[in-house]
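Hi there,

Here is the structure I promised to pass on.

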Amino acid sequence: MAVSIRRAPGLSRSRQSQRQSEWLAWVLSALTVVLLALLIYVGSRELRDFDSALVGYAVGTVFAAGAVVYRYTLWLSRPPTGRYFRAGVRGFFSWRNFRRYTLLVPVALWTDIFAQTFILKRSFVRWLMHMCIFWGVLLSLAITIPLTFGWIRFTLEPPLDYRLWVFGFETVSFPLETVLSWVIFHALDFTAVILLVGVGIAFWRRSTDAGLLTTQRFGWDVMPLVLLAAIAITGLALTASSVFWHGAYYWFISLTHQAVVVTWLLLLPFGKFFHIVERPATIGVTLYQAVNQGMEHYPGARRDAGACRRCGQELPSPQFVADLQATLSDLGQSYALSPALGALQEYCPACKRQLRGRAYFERMGKQFL
Amino acid sequence: MEIKTLFVDATRCIGCRACEAGCRECDSHKGESMVMVDFVDRGFSVATQPTVCMHCEDPVAPCAQVCPAQAILISPEGVVQQADPSRCIGCQNCVFACPFGVPKFDVEARLMKKCNLCYDRTVQGLQPWCAQACPTDALWYGTFEEFAARRNGSPVSCTGFGEMDVHTRVYQVMPAGTEKLDLVALLSEAAEGRPVREEAWVL
């Protein structure tokens, strides 16, 4: 079942500011493409180290980078996102942050990005699945991108040594036919296996969990897994061809592998994989809420809570409420009730429900319909 | 296409919380209820009210609009889904922006959860768990026409919050001729006519 976002009728952002955001997005995206192309040219020593067999990967990556910047810029131009982004950047560079929340960003990097402990709270299997996919994809990219851009290359040094060149500079050499060299040459095979474990668990969850079976969408949830599986399997098949099959089908497999990887890169800015670049915004949000609003995210953080206007239960800080009201106002919505009752956002969720209930029963009296 | 939706008639609610128990059976948030049964005026009345997501249509889903990560999606049928776990960045904007006090937030899992009208059931033509379990039809599922043919009262889809009117997919059942549930006007009336609380008499 297709699920899509719909915009509110009369959503407040004017057409002019939307057009400005689009222009900015185009400019930043074009700058990214030019900069990256320049870095490839310079980093590969005027393309002398560039492997033309890998041109598809390089072009796909450059396109994906431009498209990601385009979409990210438009995403930041949304009122709630822009507010968090601006305040998050201000918060990061504030003295209060460095003085009081020195460890907040490193801790958040660990819990939200590298170890993703918050997924562990959702379910262990889900965390294991996501860690495998995350590290499988990230490590593969970290190996593939410098290779396809011609930033690193290997040369044979007779009789049996291999040398690593980075940006045209000579670096370490290591002997062939050792465990170390075997691990280095098969690094992408290891990441492919890690990825396959994650994708396998994901397929198992998606084919057995009744809730997921109904709410998942093929293009959004299943297709990315199919692509990742195809990338990992064709990648492993390349090794199998050269090690076990005497190079049979190598050309066909490498072309197929390139085709699926490029498809994945082209889809990166548009589908589920956009959350790879979107998700780190959690750290910005955490920082903003902790530094600007004293919300407690990690042990030791200072609390600066507000209180519900009706029951006194703890609410986020007054600034959170004020910022939320400003965002709603940007969207053309105001929930100011009356001078006596204040605004709806000053109440806790339970009191909002009870206020509505009291109004309802005031109208209904003792009627039974 | 006939649109089926929920009709909430709080006057029929007996506070049995069968809806909450039914809701915990939903496959998309196993073991956790997204329906909330509240005492409306504890100490003065035993009246209770069930709250489900009202699936706001105009303005469409304020929770989704204030979401910085576009994590809350809306199905083509107008059902506002709970946050996409891959996108929710845990800012809680939705929790405090919702005019009806619906979304719940799991702090440790950094995830917003809310009623999605039992999407797994309703897309198959089944009624949501809460309506299935409700013994008094305080929560009733069907089309507007079916409701009009079978039940008394007028389904109202507009709730007024001061200057802001919110039109919802879920109806509240009110006396015939009522156009909207005007929160401010009714709460002002309630404040004026409220009896003085008597101290408990203890021997």
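First, the ground rules. This is a predicted model, in which local features need pLDDT of at least 70 and side-chain atom pairs count only at pLDDT 80 or more, while totals for chains, interfaces and linings use all residues. Residues are numbered from 1 along each chain as its sequence is written, chains are lettered from A and ligands numbered from 1 in the order in which they are written, and side-chain values use heavy atoms, with hydrogens and water left out.

**Where the two chains meet**

On the chain A side, 73 residues are in contact with 82 residues of chain B (contact means heavy atoms within 4.5 Å). About 7100 Å² is buried between the two chains, and carbon and sulfur atoms give 60% of that area. Buried area here is the accessible area (1.4 Å probe) that two parts lose on being put together, summed over both.

The rule finds six salt bridges across this interface, where a salt bridge is a side-chain nitrogen of Lys or Arg within 4 Å of a carboxyl oxygen of Asp or Glu. A:Glu278 and B:Arg87 are joined by a salt bridge between their side chains, at 4.0 Å from N to O. Between chain A and chain B there are also 25 residue pairs in polar contact, both residues being at pLDDT 80 or more. A polar contact is a pair of N or O atoms within 3.5 Å; within protein, one must be able to donate a hydrogen and the other to accept it, and residues adjacent in sequence count only if both atoms are side-chain atoms.

Which helix gives the most to the side of chain A that touches chain B? That is α16 (residues 349–364) of chain A, with 14 residues. Helices (H or I, at least four residues) and strands (E, at least two) are DSSP runs, numbered from the N terminus. The residues on that side of chain A divide into 36 nonpolar, 17 polar and 20 charged; Ala, Val, Leu, Ile, Met, Phe, Trp, Tyr, Cys and Pro count as nonpolar, Asp, Glu, Lys and Arg as charged, and the others, Gly among them, as polar.

**Salt bridges within the chains**

Over all chains the structure holds 21 salt bridges. In chain A, the side chains of A:Lys272 and A:Asp221 meet in one, at 3.0 Å from N to O. This pair links distant parts of the chain, 51 residues apart: A:Lys272 is in the loop between α12 and α13 (275–278), and A:Asp221 is in helix α11. Both A:Lys272 and A:Asp221 are buried. Buried means under 20% relative accessible area, exposed over 50%, and partly exposed in between (1.4 Å probe, protein chains only).

In chain B, B:Lys113 and B:Glu32 form a salt bridge at 2.9 Å from N to O. B:Lys113 lies in strand β6 (residues 111–113) and B:Glu32 in the loop between α1 (18–23) and β2 (36–39), so the pair ties together parts that are 81 residues apart in sequence. B:Lys113 counts as buried at 15% relative accessibility, whereas B:Glu32 is partly exposed at 28%.

**Helix α7 of chain A**

Helix α7 (residues 124–148) has 25 residues, which at 1.5 Å a residue should span 36 Å; the end C-alpha atoms are 35 Å apart, which agrees. The expected span is 1.5 Å times one less than the number of residues. Among the buried residues of α7(A) are A:Met129, A:Cys132, A:Phe134 and A:Val137. The buried residues of this helix pack against several elements of chain A, including α2 (55–76), β1 (152–157) and α12 (250–267). Just after the helix, A:Gly150 takes a positive phi of about 75°.

**Two single residues**

A:Thr327 sits in helix α15 (residues 318–330) of chain A. Is A:Thr327 buried or exposed? A:Thr327 is buried, at a relative accessible area of 2%. Leaving aside neighbours within four places in sequence, A:Thr327 is in contact with A:Pro79, A:Pro80, A:Arg83 and B:Val66.

A:Phe98 belongs to helix α4 (residues 95–100) of chain A and is partly exposed, with a relative accessible area of 41%. Not counting residues up to four places away in sequence, A:Phe98 touches A:Phe92 and A:Phe93.
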